[in-house]
Amino acid sequence: MSKRYERLMKCYECFKAKVDFTPKIALILGSGLGDYADGIDIRATLDYKDIEGFPVSTAPGHKGRFVFGYVGEVPVVVMQGRVHYYEGYPMEDVVLPVRLMKLMGAEVLFVTNAAGGVNWHFECGDFMLINDQICMAPSPLIGENLDELGPRFPDMSEIYSKKLRDIVKKTARELDVPLREGVYIQLTGPNYESPSEVRMVRTLGADAVGMSTACEAIAANHMGMKTVGISCISNLACGVSNRPLSHAEVQETADRVAPLFKKLITASVQNIAKEL
Ligand code: HPA
C-alpha cells in the first residue's frame, strides 16, 4: 500500500470512528457560500482539525468542517471550506478531501466557487455552469498513483458530466434562474490577475477565473466520480472592470446572491439524486 493511500485510509478510519453516515452527493462550497450547509437537515459534523492527517484551511470565509445531512431526502456531505493550493499545501493535500468524500460513499461531486468573470458578457452576480476547465495549477495526480482509486493516465474528455449539466440547466429553467455556461480556469492565486493575465486566459478560452475547483474535479474524475460545478461570478476580472479587486467585494456579491444560489443548489441536488 502506498504512503498516500495509507494516509487517506487513516483519515477514512477517523471519519468511520466518529460519524455513521453515507452520503450520496459531495458538495464543496466556495467563498461566501459556506453557510449553505447551515440550512440543511444536519445529522453530524466533523471538524477538519479532528481528522488525523487532514489539511486545515486558513482562508477567510472558510469554516473548515464536513457537514453531514439531508437536502430533502438526499444524503449529502458538505465541505464547509475547502483547501487551497495557495495556502501552501501540496496538491495531494488539496484534493485529499475529495478523495475522502468518495471513500465515504459519495458518487457525485458538486463543486461551487466564487470566480472572476472573464467573458465580456458576464455580469457580477451571474451563475455559470462549468462545462469544461483549464487547470493552470499543477495536476493533483503528479506523484505516485493511487492505483486503488484510479488509473495512472485518466481520461478527461468529460470532466463535467453532460448528463448532470443537463439536469442543472433544466433545474435552472424550472426555477427561472438565469444560468450562463462556460469554461473555468484555475490559476494558483493568491493574487488576483493582472489585466494582461486576464486577456491571456480569455485568449485561451476561459470564461471565468478562480483559484480552486479544477484540481478537485481532476481528482474526482480520476476516481470515477461524476462531477458538476457552478461558479458564482462574484466580480468582473481585472481589466473587465476598471475597479481594483478585493476579497470583500467577492464576499459581498456571494452574500447578495446566496439565497438564489441556495435555491438552485437544493433543487439541482434533488434532481441529480433522482437520476443516480
Ligand atoms: N480571480 C481569481 N479568483 C477569483 C476571482 C478573480 O477575479 N474572484 C473570485 N475568485
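1. Basis. This is a predicted model, where local features need pLDDT of at least 70, side-chain atom pairs count only at pLDDT 80 or more, and totals for chains, interfaces and linings use all residues. Residues are numbered from 1 along each chain as its sequence is written, and side-chain values use heavy atoms, with hydrogens and water left out.

2. Overall form. The protein has seven helices and nine strands. Both are DSSP runs numbered from the N terminus: helices are H or I with at least four residues, strands are E with at least two. The C-alpha atoms fill a box of roughly 50 × 40 × 35 Å along the principal axes.

3. Which side chain places a polar atom 2.6 Å from a nitrogen atom of the ligand? That of Asn235 does. Backbone atoms take part too: an N or O atom of Ala114 lies 3.3 Å from a ligand nitrogen, and a polar atom of Gly116 lies 3.4 Å from one. A polar contact here is a pair of N or O atoms within 3.5 Å. The protein covers 95% of the 260 Å² of accessible area that the ligand has on its own. Areas come from the Shrake-Rupley method with a 1.4 Å probe.

4. Cavity. One cavity of 30 Å³ or more is present. On a 1 Å grid over the protein atoms alone, a cavity is a set of points where a 1.4 Å probe fits but cannot get out; lining residues have an atom within 4 Å of a point. The largest cavity holds about 80 Å³ of space. Arg4, Leu8, Glu92, Val95, Leu96, Arg99, Pro140 and Leu146 line it. α1 (3-18) and α3 (96-104) each give two or more residues to this lining. The lining has five nonpolar, no polar and three charged residues.

5. Backbone details. Most residues other than glycine have a negative phi, and most peptide bonds are trans. Gly189 and Pro190 are joined by a cis peptide bond, with omega about 0 degrees. Pro190 lies in the loop between β7 (180-186) and α5 (195-204). Asp176 is not a glycine, yet its phi is positive, about 65 degrees. Asp176 sits in the loop between α4 (162-175) and β7.

Methods:
Polar contact = N/O pair within 3.5 Å; in protein donor to acceptor, adjacent residues only side chain to side chain. 1 Å grid on protein atoms, 1.4 Å probe; cavity = no way out; pocket = protein on both sides within 12 Å on 5 of 7 lines; lining within 4 Å. Points joined across faces, edges and corners; volume = space filled by probe spheres on them. Nonpolar A, V, L, I, M, F, W, Y, C, P; charged D, E, K, R; others polar.
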